[in-house]
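User: I would like to go through this structure with you. Could we begin with a sheet and then turn to the ligand?
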Amino acid sequence: MSKSIDQKSNKINSSWKSPSNIALIKYWGKHGRQLPNNASISFTLSHASTTTSVIASPRPINDKLAIDFLFEGQSEPNFGRKIDKFLTSIRDEFFPFLYSYHLEINTANTFPHSSGIASSASGMSALALCLCDIDQQLSGQAEYNESFFRKASIIARLGSGSAARSVFPTMSVWGQHPQILGSDDQFAIGIQQNIDPVFKTFHDDILIVSEKQKSVSSTAGHNLMNNNPYAKARYHQAGERMSQLMKALESGDVETFGKITEDEALTLHALMMCSDPSYILLEEGTLSVIKLIRQFRAESNIPVYFTLDAGPNVHILYPDQYTQQVEQFIADHLQQYAQNGRIIKDFVGQGPEKLG
Ligand code: DP6
């Protein structure tokens, strides 16, 4: 692989497109330095992604970071400050080159900013990949091997926990679990080789019930788990469900997969409702869509399931072979609950891509 160093100016650049992911077993509760209180597992998505490019130019050594940050072509001081704080916190350990390089960061999402889709997983993983890439170009390596993606997963995790899972194709597990070889709290691992092909065909149609920004951030929600009276039982349950789900994924048991996935989505929101203070991120439309999906499944026997992230939007999951029937069902019965008719059609994806 050729290095992207401009010989005259010594500028180094790197561009990556990195996807979002949707958790099936949810990460909810953390400790220490961005370490999860239970293992989680996700589908890597395809369409919903962030493209980031970073140009690093040499500068005199300075303690203060030098970063220009553009989001979709516009300067975004709020994002910029967040990135500054994050990079300052990891610079000594991972990227000492930041003392002597100026960074120009350009980033854009494929999904609209107002769509209610969280961009932290795709955004942080894309940034992590660019920085790891620049770092390895500087040290004279240019191989995108296992240890490269492992490091990117660690950096992404430090930026946002769920981002750790975005750097692998198909499905990832983040967090130590006794039955998953190689699983670790520090980084996610790809598990595509262990899963039945049917799951690689899954669609995720994201029905945007509300485009509003959520009232309680995920970070605040994780913190509320510290005093949640059900926390201990929850972490135990997540571990058990992970064992059951892994078995279902390996054997192609779509029904068990669907049951656990829906139970997890409802558990996540139940935990929010019994936090102190309690809060509700579901909207009326969310419940209507959930009920209709369950009714349609019961009547048609078509394996279509839902999951939710920390918000009101419904992820509709189903194997590719049922696309026609499910699309018809969505158009006839669910479309009316989508704000501005917005449904993002996504599917299980191939993981991040380095751009030329
Ligand atoms: C409900 O990764 O957004 O989507 O680590 O504080 O950035 P931070 O939280 P974040 O939490 C995601 C929570 C979730 C479940 C999941 O993706 O596993």
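User: What is the strand order in the open sheet of four strands, and how do the strands pair?
Analyst: This is a predicted model. In it, the open sheet has the order β11-β12-β10-β13, and the pairing is antiparallel.

User: Which strands are at the edges?
Analyst: The edge strands are β11, residues 305–308, and β13, residues 343–347; each of them pairs on one side only.

User: By how many degrees are neighbouring strands turned against each other?
Analyst: The average for this sheet is 25°, with direction ignored.

User: Which helices pack on the sheet? Start with α7, please.
Analyst: Helix α7 covers residues 254–273 and touches β11 and β12. Its direction makes about 30° with that of β11.

User: And which strands does α9 touch?
Analyst: Helix α9, residues 323–334, packs on the sheet with contacts to β10, β12 and β13. The direction of α9 makes about 150° with that of β12.

User: How many bridges join β10 to β12?
Analyst: Five bridges link β10 (residues 203–207) and β12 (residues 314–318), and the two strands run antiparallel. D204, for instance, has L317 in β12 as its bridge partner.

User: Changing topic to the ligand: which residues come nearest?
Analyst: There are 16 residues around the ligand, and Y27, K30, S160, G161 and S162 come nearest. By class, this shell has five nonpolar, eight polar and three charged residues.

User: Which helix gives the most to the shell?
Analyst: That is helix α5, residues 218–224, which supplies three residues.

User: What is the distance from the side chain of Y27 to an oxygen atom of the ligand?
Analyst: An N or O atom in the Y27 side chain is 2.6 Å from a ligand oxygen. For R165, a polar side-chain atom lies 2.8 Å from an oxygen atom of the ligand, and for the side chain of H222 the corresponding distance is 3.0 Å.

User: How much of the ligand's accessible area does the protein cover?
Analyst: The protein covers 91% of the 450 Å² that the ligand has on its own.

Conventions. Residues are numbered from 1 along each chain as its sequence is written. This is a predicted model: local features need pLDDT of at least 70, side-chain atom pairs count only at pLDDT 80 or more; totals for chains, interfaces and linings use all residues. Side-chain values use heavy atoms; hydrogens and water are left out. Two strands pair if DSSP finds at least two bridges between them. Axes are lines fitted to C-alpha atoms, for helices over the stretch in contact, and angles run from 0 to 180 degrees between N-to-C directions. Contact means heavy atoms within 4.5 Å. A residue is near a molecule or strand if one of its heavy atoms lies within 4 Å of it. A polar contact is a pair of N or O atoms within 3.5 Å; within protein, one must be able to donate a hydrogen and the other to accept it, and residues adjacent in sequence count only if both atoms are side-chain atoms. Accessible areas come from the Shrake-Rupley method with a 1.4 Å probe; for residues, only the protein chains shown count as cover. Ala, Val, Leu, Ile, Met, Phe, Trp, Tyr, Cys and Pro count as nonpolar, Asp, Glu, Lys and Arg as charged, and the others, Gly among them, as polar.
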